[in-house]
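Hi,

Here is the structure I said I would pass on. Have a look at it first, and my notes come after.

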Amino acid sequence: MSINPDDVAGIGQAKLPRRRFHLAAAIAWLAAVFAAPALAAAVDPLIFSHVEQQVARGNTPAAFAMLEEAIREPGAPPEIKVDLLAKLAALRLAQGDFADSAEALGLQAELTVRLKGAGAPELAGLYAAAADTYVRAGTAERAVEPARGALHIDEAYTACDSPILARDHDRLAPPRAGHGPAGVLDRHVGSGRAARCARRRRRR
């Protein structure tokens, strides 16, 4: 899957790529999604059932094609696209397509920001999943921004000295052996209770 500038034909006609998403063009795609007029019944209400049937038959390429076509549909409401992207990300992950799964999660997060705001609690899980999946794809440097986003949301809703938040930092911030430059996540995100509480004080 890929979103290239040429794939975005115009307002209300944004196209989802077939190979790999790219962030700059993805932003243009998101803008087109929200500019498009909302059309009733733009997406088959049974699409998720149809997708599961294709997966059960071992025909995952058809399942991917159905989801991507529905996401490309200019009249589909953004709320439906969030669900479609979630399903696409899960299927890509199950197939070991980690980079594509991470990009789908990133687009899901972008749509969630548009719908619910940059401080929506569910963004923490989306960003964390994207970061973990980028690391599994062997591109730890691309995990920096979503990891930072996940921890930023967590810190907004959790006490800075919370054991839960400490576990999230331990999971997201340290570099993974064999993935990307040593220390890339730790250098950019920063861990430790003192650092977390200092950030909390600066935000007040």
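This is a predicted model: local features need pLDDT of at least 70, side-chain atom pairs count only at pLDDT 80 or more; totals for chains, interfaces and linings use all residues.

Let's start with the helices. H2 covers residues 47–56 and H3 covers residues 60–72, and they pack with their axes 7 Å apart at an angle of about 160°. That is over 145°, the cut-off for this label, so H2 and H3 are roughly antiparallel to each other. Their crossing is left-handed. On the H2 side the contact is made by Ile47, His50, Val51, Gln54 and Val55, which meet Thr60, Ala62, Ala63, Met66, Leu67 and Ala70 in H3. Sorted by type, these contact residues are eight nonpolar, three polar and no charged.

Now the salt bridges, which come to seven. One of them is in H3: arginine 72 and glutamate 69 meet at 2.3 Å, N to O, and they are three residues apart, about one helical turn. Arginine 72 is buried at 11% relative accessible area, while glutamate 69 is partly exposed at 46%.

Another pairs arginine 142 with glutamate 103 at 2.2 Å, N to O. Arginine 142 sits in the loop between H6 and H7 and glutamate 103 in H5, so this pair ties together parts that are 39 residues apart in sequence. Here arginine 142 is partly exposed at 35% and glutamate 103 is buried at 6%.

Lysine 116 and glutamate 122 also form a salt bridge, 2.6 Å from N to O. Lysine 116 is exposed at 56%, and glutamate 122 is partly exposed at 34%.

Cheers

How values were computed
Residues are numbered from 1 along each chain as its sequence is written. Side-chain values use heavy atoms; hydrogens and water are left out. Axes are lines fitted to C-alpha atoms, for helices over the stretch in contact, and angles run from 0 to 180 degrees between N-to-C directions. Helices (H or I, at least four residues) and strands (E, at least two) are DSSP runs, numbered from the N terminus. Angles under 35 degrees count as roughly parallel, over 145 as roughly antiparallel, 65 to 115 as roughly perpendicular and the rest as oblique. A crossing is left-handed if the near helix is turned anticlockwise from the far one by less than a right angle, and right-handed if clockwise. Contact means heavy atoms within 4.5 Å. Ala, Val, Leu, Ile, Met, Phe, Trp, Tyr, Cys and Pro count as nonpolar, Asp, Glu, Lys and Arg as charged, and the others, Gly among them, as polar. A salt bridge is a side-chain nitrogen of Lys or Arg within 4 Å of a carboxyl oxygen of Asp or Glu. Buried means under 20% relative accessible area, exposed over 50%, partly exposed in between (1.4 Å probe, protein chains only).
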